Amino acid sequence: MKKYLPLNSIVVPIYLTDTNSVNMIDQVLDHLLIQKKMVPVEIIVVDDCSLNQSGVKILENKYQRSAMFLKMKNRAGLVKSINAGALISKGDLLTYCHSD
């Protein structure tokens, strides 16, 4: 009998200001991808109008096959960013991960 593993949706709200924040979020996403090897995981990255748009593009290019990216139209803050990610999630379980 095959064991059912629920899909876990992880929302990662980001607000990039400099290169250090890009490096930190890169590490967070790498660690989340390790989890993806063990259990079904859907990663949703929500950009809350980051100041460093080139950093966002770098992350989108690196993780385009393993994570969904959502861009907020206006700076909305942490809670609204998490809620926006939750609205598009498809998982059975939902959690969020701080980007630091």
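Where is S66 found? Select S66 in this predicted model: the residue sits in the loop between α2 and β3. Is S66 buried or exposed? S66 counts as buried, at 18% relative accessibility. Now show what surrounds S66. Leaving aside neighbours within four places in sequence, S66 is in contact with L33, K36 and I43.

**Helix α2**

**The largest nonpolar core**

Select V12, I14, L16, L29, L32, I43 and L59. The largest nonpolar core has 16 residues, and these are the ones that touch the most other members. At least two residues of this core come from each of β1, α1, β2 and α2. Which element gives the most to this core? The answer is α1, with five residues.

Centre the view on L16. Leaving aside its neighbours within four places in sequence, L16 is in contact with S21, V22, I25, S50, L51, N52, G55, V56 and L59.

Move on to I25, one of the contacts of L16. I25 lies in helix α1 and is buried, with a relative accessible area of 2%. With neighbours within four places in sequence left out, I25 is in contact with I14, L16, L59 and S99.

Now pick G85, in helix α3 (residues 78–88). Is G85 buried or exposed? G85 is buried, with a relative accessible area of 0%. Leaving aside neighbours within four places in sequence, G85 is in contact with V11, I44, V46 and L70.

Draw a distance from G85 to V12. These two residues are 73 residues apart in sequence, and their C-alpha atoms are 8.1 Å apart in space.

**Out to the surface**

Return to I25 and draw a distance to M38. I25 and M38 are 13 residues apart in sequence, with 21 Å between their C-alpha atoms. Where is M38 found? M38 is in the loop between α1 and β2. M38 is exposed, with a relative accessible area of 54%, whereas I25 is buried.

Together with M38, they form a nonpolar patch on the surface, with about 340 Å² of accessible area together.

**Last stop: C49**

Finish at C49, whose place is in the loop between β2 and α2. What is the value of phi of C49? Phi is near 55°, a positive value in a residue other than glycine.

Notes. Residues are numbered from 1 along each chain as its sequence is written. This is a predicted model: local features need pLDDT of at least 70, side-chain atom pairs count only at pLDDT 80 or more; totals for chains, interfaces and linings use all residues. Side-chain values use heavy atoms; hydrogens and water are left out. A nonpolar core is a set of buried Ala, Val, Leu, Ile, Met, Phe, Trp, Tyr and Cys residues joined through side-chain atoms within 4.5 Å. Buried means under 20% relative accessible area, exposed over 50%, partly exposed in between (1.4 Å probe, protein chains only). Helices (H or I, at least four residues) and strands (E, at least two) are DSSP runs, numbered from the N terminus. Contact means heavy atoms within 4.5 Å. Patches are made of residues with over 30% relative accessible area and no salt bridge: like charges are joined within 9 Å, nonpolar side chains (Val, Leu, Ile, Met, Phe, Trp, Tyr) within 5 Å. Accessible areas come from the Shrake-Rupley method with a 1.4 Å probe; for residues, only the protein chains shown count as cover. A salt bridge is a side-chain nitrogen of Lys or Arg within 4 Å of a carboxyl oxygen of Asp or Glu.
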